[in-house]
Amino acid sequence: APSRCPARAAPSPLRATPGLCSALSAPAGGGRLELAGAAGGAAGGCRDAWASEALLVLLRAGPGPEPGAELQAWAPGSALRGEPLWVHTVEAEAEGDDGPGGKPQAGPLPLLPCARAYVSPRPPFYRPLAPGLRARRLELGAEHALLLDEAGQVFSWGGGRHGQLGHGTLEAELEPRPLEALQGLPMAEVAAGGWHSVSVSETGDVYIWGWNESGQLALPTRSLAEDGKTVAGEAAGLHEGGPDVKSTAGGEDGAPTPFIAVQPFPALLDLPRGSEAVKASCGSRHTAVVTRTGELYTWGWGKYGQLGHKDTSSWDRPCRVEYFVERQLQVRAVSCGPWNTYAYAVEQEKS
């Protein structure tokens, strides 16, 4: 869409992205950034700039005598006064343009529109795994990563504030760490959602952990209980107290119904009809599983129809997608986007 606050003409490499209600400009010689509009200010020594509604990033000459530059992130309303949100020193390019005195200097960074980061001039980064670890599958969530090795062991690392790492805590992990709760259980599939995770064992069992805000773990959640869609007692036995369990009255047997906000350990999930899973995928806040018989089960957030149940309801228990059953189709694979779901299905073989 056209920007409501377009940038004035500026010499390359200065540029602005739609959304930030201010304009970027620089004199013909470069080296100075001017802000005008919703925020005003100026910055000297500027070599490159990138703006969004949430962030203003500058590439500026470093304060020291050594060649190089600083990458600075500013709040859009700061007017470039005070301290930046963060500062990152950029190494001088060995083969870049020479600066004054023939010394090499950092060239412009390929800053990305509509993002909150920049791309390194020298991608990709290479980070070796631990000795003896052979990767078989890698899945990325919003803040965490899952790795399945050749032996069927699951490793996780990254942000853990929603329990998505499965280590029993809400702490982050900087290095791949094996899930102790799944050791000795060879896994065939892993899937990472926004802030939850799923693994499928070689025998067809489903294990799930992480954030349950919209019922994406197929465990009772308060928001859906208010709509009458929570199965009372379904999660009984998964927790024995602890800060992650909230209860309220209203169970079918008179006992309190447990509401689970965060499940930091892998929990075994029983699919209806004793079905065995072969494939799994996670969206931002919904989950999909394919069974050995070609049925598709989905649950979690359904506001945009991503569950495929002909409505926009959310569910905190596995529900079969009847569309494929009615058309005698067998689902072979499923892939969830953040708010949508794709399935690959074939006609059912006639006996």
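Which residues have the most contacts inside the largest nonpolar core? I looked this up before anything else.

**Ground rules.** I noted that this is a predicted model, in which local features need pLDDT of at least 70, side-chain atom pairs count only at pLDDT 80 or more, and totals for chains, interfaces and linings use all residues. Residues are numbered from 1 along each chain as its sequence is written, and side-chain values use heavy atoms, with hydrogens and water left out.

**Cores.** I found that the largest nonpolar core has 17 residues, and that V198, L269, L271 and W299 have the most contacts inside it. A nonpolar core here is a set of buried Ala, Val, Leu, Ile, Met, Phe, Trp, Tyr and Cys residues joined through side-chain atoms within 4.5 Å. Buried means under 20% relative accessible area, exposed over 50%, and partly exposed in between, with a 1.4 Å probe and protein chains only. Strand 12 (196–201), strand 13 (206–211), strand 17 (277–282) and strand 19 each give two or more residues to this core. Strand 17 gives the most, with 3 residues. I noted another core apart from it, of 10 residues, including L179 and Y207. In soluble globular proteins, nonpolar side chains tend to be buried together.

**Rings.** I searched the whole structure and got 5 aromatic pairs. Rings of Phe, Tyr and Trp (its six-membered ring) pair if their centres lie within 6.5 Å; planes under 30 degrees apart count as stacked, over 60 as edge-to-face and the rest as tilted. W301 is buried at 12% relative accessible area, whereas W339 is partly exposed at 46%. Ring pairs link W301, Y304 and W339 into a cluster. I also saw that the charged end of R285 sits over the ring of W301, 3.9 Å from its centre. For this, CZ of Arg or NZ of Lys must be within 6 Å of the ring centre and within 35 degrees of the ring normal.

I then traced an open antiparallel sheet of 4 strands, in the order 7-8-9-10. Strand 7 (135–140) and strand 10 (173–178) are at the edges with a single partner strand each, so one side of each has no neighbour in the sheet. Strands (E, at least two residues) are DSSP runs, numbered from the N terminus; two of them pair if DSSP finds at least two bridges between them. Strand 7 and strand 8 (residues 144–149) pair over 5 bridges. I found A135 opposite D149 in strand 8.
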